[in-house]
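Open the model in your viewer and keep the selection tool ready. Each stop names a selection and says what is there.

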Amino acid sequence: MTKEALSAAVAAKLDVTKSFGEDAVNAVLDSITEALAEKENVVLIGFGKFEPKWKASRTAKNLKTGEPIQIAAHYGIKFTPGKKLKDIVTK
């Protein structure tokens, strides 16, 4: 599902215009993004949890040349699905 399709689905469920559905989806995504940028966890009960995770620097291998390369330390994002989402998907 694309962002456009998600916006249309939200608009249909709420019985509002597609423009309003798009604004609603953008507002939610912006809020999640801002919280993660502030290194805060985002917990959506039943759906899942987004959390920023610190990843230490490490040495990896360039798959084309086989030479070692250094990957700098950085934050990544971990998503853990909630029980309700897992149950629905695995049904």
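**Stop 1: a buried glutamate**

Select Glu51: at 12% relative accessibility, Glu51 counts as buried (under 20% relative accessible area; exposed is over 50%, partly exposed in between; 1.4 Å probe, protein chains only). This is a predicted model, where local features need pLDDT of at least 70 and side-chain atom pairs count only at pLDDT 80 or more, while totals for chains, interfaces and linings use all residues. Residues are numbered from 1 along each chain as its sequence is written, and side-chain values use heavy atoms, with hydrogens and water left out.

Glu51 sits in strand E2, residues 48-55. Helices (H or I, at least four residues) and strands (E, at least two) are DSSP runs, numbered from the N terminus. Now show the contacts of Glu51, meaning heavy atoms within 4.5 Å. Leaving aside residues up to four places away in sequence, Glu51 touches Leu36, Asn41, Gly76, Ile77, Lys78 and Thr80.

**Stop 2**

Select Phe50. Not counting residues up to four places away in sequence, Phe50 touches Leu36, Glu40, Asn41, Val42, Leu44, Ile77, Lys78 and Phe79.

**Stop 3**

Most residues other than glycine have a negative phi. Which phi does Asp15 have? A positive one, about 55°, although Asp15 is not a glycine. Look for Asp15 in the loop between helix H1 (3-14) and H2. At 70% relative accessibility, Asp15 counts as exposed.

Next, select Lys39, in the loop between H2 and strand E1 (42-44). Its phi is also positive, about 65°, and Lys39 is not a glycine. At 43% relative accessibility, Lys39 counts as partly exposed.

**Stop 4: zoom out**

Show the whole chain as a cartoon. Along the sequence the pattern is α-α-β-β-β-β-β-α. The radius of gyration is 18 Å, well over the 12 Å that the globule rule gives for 91 residues, so the chain is more spread out than a compact globule. That radius is taken over C-alpha atoms, and the rule is 2.2 Å times the number of residues to the power 0.38. Draw a box along the principal axes: the C-alpha atoms fill roughly 55 × 30 × 30 Å. Finally, colour by burial: of the 91 residues, 16% count as buried.
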